[in-house]
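Open the model in your viewer and keep the selection panel at hand. The stops below go from one selection to the next.

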Amino acid sequence: MLWTIFLLLNGVVILVLLFSTRTRKKNEPPLDKGFIPWLGHALEFGKDAAKFLARMKDRHGDIFTVRLIGKYVTVLLDPNSFDAITNDTDCLDFTRSRNQVIQRIFSLQLQSINPTAEREWMEQHFRGLSLSKLCGSMNSNLQKLLLSDQNGCSPSEWRQDGLFSLCYSLLFRAGYLTLFEKRDNTTEVYNEFRKFDDLLAKLARCSLKREESKTVTLSRERLWELLSPKCLRGESESNSWQQSYHHFLQENGIDAEMQKKALLLQLWTTQCNAGPAAFWLLGFLLTHPEAMEAVKSEIRGLTLQDTSLQRPPINLLEAHSTPVLDSVLSETLRLTAAVMIRREVVHDKVLQMANGQEYHLRRGDMVCLFPFLSPQMDPQIHQEPQVFKYDRFLNHREMKDTFYKNGKRLKYYTMPWGAGSNICVGKDFAVTAIKQFVILLLTHFDLEMCDPEDKMPPVNASRYGFGMLQPDGDLQVRHRLKRTQNES
Ligand code: HEM
């Protein structure tokens, strides 16, 4: 027995030494392993990835390799060189590491699905006529919910809410009603989803405490049940987006158990970003009165033929351009969208940087782009990058798209939607939904901060890398239907 333990310990020590002895080879990016064997920089990275990577950028520049839990990750922070990563499907692979994360978070295995076929299936629904139908349905669901949430309040009564809860809850429930089949359990699904989403970053990093682990497991099981469609039980045939997804999975030979789990992945992908984005946007407007006035003035200028919430709306967004609101949305996403684009190096690769320098990437390592740091928060591209400037993306009432770094015009000056073959499929739907929501709210409701001196809450630093950031805390607001609405 003692002998076995001794051998095991020896094995572990040899492995640790093996992983610790990696040295930088000629032409490889600067290597920073951190002091802790095997773990490397994992603790600092998990706590606040943006702060850690900014520190590494100061030390090493636009490209470096760090050690995280036994893996070597090369981080590239030069947006002019991003295409060399996002366009390479020969040496770099997206699916294997994505499948591992999906397995860990959603307990889901979809290996038999061809990612290109899945993407094509998704794109059908978020383009052309299908997209128009989804946007129309989203708009009417938002209106219904905004009105029904007022039931029980006397017309001129103010209601107090956290702005984050208000935005997330409304956009989530409207999105769920638009894409999913069940219509009678929206609030329950939303409440359960928030418990799951709150622990998601820790679940992905395997850093849950025992109690949290129980909560997340129960919550996930409850969501599988809540989402389980009637069609899985042979009870209904509808033509919803969810029904179409169900057929797609069936055609690809996914069994009933995995189909149930896949729905939670889709719920997360389609519903976890728009609500937080609307929160940041409205929060910035409330704390920047000149921006609020510019947006309100633009909305007033839209020819509102029917301003009643009760009657079907004309599709204002199809008929009119809204450059100020577009600039506010781009600026909001620049400050609060923080995706990490990851690829696995499956064959040794020579990375050609925009400045002509070449770096060797080793097979088995990961490559990661973190556009939040650069281009989005890069002071060489955006002056005073920490500051919200509502007209940053505005150029004489047109959207500005000319930004430079080191005198070179940038293709990627902000990247909230990702890039290349994995760029967000739902971008147009998300942009329309957020704008619809903001226009509805500002047109039909009085909305103000409970305390005019309040500041925006800080960012929850553990969520860097998981799409839209979320606040640590909330901004208290009060709202009521506008007088003209009360009287109609
Ligand atoms: C502000 C809102 C949103 C932001 C910032 C956002 C951002 C992103 C990003 C960065 C990716 C790529 C992830 C990666 O490379 O790992 C992505 C993927 C995706 N998004 Fe969005 N998204 C938003 C809203 C939505 C909405 C509302 C939908 C659908 C209703 C949607 C559907 C998808 C899908 C299906 C993918 C997967 C694409 C693929 O794997 O090829 N997104 N999103």
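This is a predicted model: local features need pLDDT of at least 70, side-chain atom pairs count only at pLDDT 80 or more; totals for chains, interfaces and linings use all residues.

Select strand E7 (residues 349–352) together with E8: the two run antiparallel and are joined by four bridges. Within this pairing, Gln352 has Glu358 in E8 as its bridge partner. E7 and E8 form a hairpin, with five residues between the strands. In the turn, pick Gly356, where phi is positive at about 95 degrees.

Now keep strand E8 (residues 358–361) and show its side chains. Which residues lie on its covered face, and which on its uncovered one? Tyr359 and Leu361 form the covered face, while Glu358 and His360 are on the uncovered one.

Zoom out to the whole protein chain, which has 19 helices and 15 strands. Of its 488 residues, 35% are buried. Among contacts between residues at least 6 apart in sequence, 75% join residues at least 24 apart.

Next, select the largest nonpolar core. It has 101 residues, and those touching the most other members are Val75, Cys167, Leu171, Ala278, Leu281, Val328 and Ile434. Helix H8 (residues 163–179) gives the most to this core, 11 residues. Colour by domain: at least three core residues come from domain 1 (2–107 + 340–371), and at least three from domain 2 (115–337 + 375–414 + 416–487). In soluble globular proteins, nonpolar side chains tend to be buried together.

Centre on Ile434. Beyond its neighbours within four places in sequence, Ile434 is in contact with Ala274, Ala277, Ala278, Leu281 and Leu329.

Move to the ligand and select the 21 residues around it; Asn273, Gly418, Cys424, Gly426 and Ala430 come nearest. By class, this shell has 13 nonpolar, seven polar and one charged residues. Four helices to display here are H6 (115–125), H12 (256–271), H13 (274–287) and H18 (427–444), each of which supplies at least two residues of the shell.

The last stop is Tyr190, in helix H9 (residues 186–204). Is Tyr190 partly exposed or buried? Tyr190 is partly exposed, because 18 other C-beta atoms lie within 10 Å, whereas a buried residue would have 20 or more. Leaving aside neighbours within four places in sequence, Tyr190 is in contact with Ser169, Phe172 and Arg173. Finally, draw a C-alpha to C-alpha distance from Tyr190 to Leu223: the two are 33 residues apart in sequence and 9.5 Å apart in space.

Notes: Residues are numbered from 1 along each chain as its sequence is written. A residue is near a molecule or strand if its C-beta atom, placed from the backbone, lies within 6 Å of it. Ala, Val, Leu, Ile, Met, Phe, Trp, Tyr, Cys and Pro count as nonpolar, Asp, Glu, Lys and Arg as charged, and the others, Gly among them, as polar. A residue is buried if 20 or more other C-beta atoms lie within 10 Å of its own, exposed if 12 or fewer, and partly exposed in between; C-beta atoms are placed from the backbone. Two strands pair if DSSP finds at least two bridges between them. A nonpolar core is a set of buried Ala, Val, Leu, Ile, Met, Phe, Trp, Tyr and Cys residues joined through C-beta atoms within 7 Å. Domain bounds come from an automatic or database domain assignment. Two residues are in contact if their C-beta atoms, placed from the backbone, lie within 7 Å.
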